[in-house]
Amino acid sequence: VGELKIMKALNIIPNCSALQRKYGTDRHTIKKYYANDGIPLKKKVERTSRWDPLYDEIVCLMEIDSVSKKAVYNYLENKYKDNIPGTYNGFKAYTLRKGIQTRSSEKPHVLYEVEPGYQLQCDWKENMKIHLKNGEEIIFNVFSATLGYSREHVLIYSSSKTTQDFIRCIIETFRRLGGTTQTILTDNMSAVVTVKGRQKKIHPQINQLMKDLNTDLKLCKAKTPQTKGKDENSNKFVKWIYPYDYSLESEEELIHTIENVICSQCNRQINSSTRMPPSKLFQKEKDYLQPLPNKILLESYLAEHTVSTVPPTLLIQYKGCRYSVPQQYINK
């Protein structure tokens, strides 16, 4: 190569056959080097990936507001099952190499540890929106609850967030866990407390429920959601529903996806603090839960009710059927 550079600089045409005999390099290769100012040419190899066939779909999913990489991967894993191109680490490396980023930004929360069976943290993920395949928009809430020790999550779909909804979700949460905790930690939501100035008053029905459950209700200080940071952290799991936009057939399928598919996925996810999946630690914590109250007592709190806002179509959906209401109730 050095000899070719000198020849190039002096404008001498090389004898490629003589150089071939001298260096044992093919004369055609020598000619290419000389034409390229003595610099060996390297073929550019296009790097391919098993994720390439899903590139357009990944870009579309990552552009959804508030979606995370883990949510997109879980959606693809659930959609393609055994045909998923690779692991989550490989998916992250692929998106990093291709410069595909999400719009979400998570803020860290300081966590603290409690004894098994001691605490349940809960909150609402409010006013979420998703579209069915037919274009119908569904606005809903998700009640999220997290055990303080194992980080076992329970997600419950709710069309509204009234006091009765809170009671129903708390009872359903303890039913799924198989017992109650010593304390419940939540914020100053209107479904639980009435706030007047600096005075807080827990609704009488909530107080009675706590007595029947043999559980203490503790409230966070105002504007300090990090107090229940373990449950706040579960909000990122609730966002895993966003990639299903325009992919679900009905509200029933949406409920199943939230309460079964996503809830199961997040309980299998290794927690960064405990280094274990919540479902594994829960096998230990469930032995420390207090027994549930009498079944008849719990059912007395679960009066049948539905709260909806009347749309311009004047049709209210209830148990899969639609019922018309008078025009004056639109948006009420």
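Biologist: At what angle do helix H4 and helix H5 pack, and what class does that give?

Modeller: This is a predicted model, so keep that in mind. In it, H4 (residues 55-62) and H5 (residues 69-80) have axes 10 Å apart. Their angle is about 135 degrees. Angles over 145 would count as roughly antiparallel and 65 to 115 as roughly perpendicular, so H4 to H5 is oblique.

Biologist: Which hand does the crossing of H4 and H5 have?

Modeller: For the hand, look at how the near helix is turned relative to the far one; clockwise is the right-handed case. The crossing of H4 and H5 comes out right-handed.

Biologist: How many nonpolar, polar and charged residues are in the contact of H4 with H5?

Modeller: On the H4 side you've got Glu57, Ile58, Leu61 and Met62. They meet Lys69, Val72, Tyr75, Leu76, Lys79 and Tyr80 in H5. Sorted by class, that contact has 7 nonpolar, no polar and 3 charged residues.

Biologist: How many residues apart in sequence are the parts tied together by lysine 133 and glutamate 249?

Modeller: Their side chains meet in a salt bridge, 3.2 Å from N to O. Lysine 133, partly exposed at 49%, is in the loop between strand E1 (119-131) and strand E2 (137-147). Glutamate 249 is in the loop between helix H10 (235-238) and helix H11 (251-268), so the pair ties together parts 116 residues apart.

Biologist: Is aspartate 165 buried or exposed?

Modeller: Aspartate 165 forms a salt bridge with arginine 168, at 3.3 Å between the closest N and O atoms. Both lie in helix H7 (residues 163-177), 3 residues apart, about one turn of the helix. Arginine 168 counts as partly exposed, at 26%. Aspartate 165 has a relative accessible area of 3%, so the answer is buried.

Biologist: Which residues are linked in a network of salt bridges?

Modeller: The structure holds 6 salt bridges. The ones in the network link Glu172, Arg176 and Glu259.

Methods:
Residues are numbered from 1 along each chain as its sequence is written. This is a predicted model: local features need pLDDT of at least 70, side-chain atom pairs count only at pLDDT 80 or more; totals for chains, interfaces and linings use all residues. Side-chain values use heavy atoms; hydrogens and water are left out. Axes are lines fitted to C-alpha atoms, for helices over the stretch in contact, and angles run from 0 to 180 degrees between N-to-C directions. Helices (H or I, at least four residues) and strands (E, at least two) are DSSP runs, numbered from the N terminus. Angles under 35 degrees count as roughly parallel, over 145 as roughly antiparallel, 65 to 115 as roughly perpendicular and the rest as oblique. Contact means heavy atoms within 4.5 Å. Ala, Val, Leu, Ile, Met, Phe, Trp, Tyr, Cys and Pro count as nonpolar, Asp, Glu, Lys and Arg as charged, and the others, Gly among them, as polar. A salt bridge is a side-chain nitrogen of Lys or Arg within 4 Å of a carboxyl oxygen of Asp or Glu. Buried means under 20% relative accessible area, exposed over 50%, partly exposed in between (1.4 Å probe, protein chains only).
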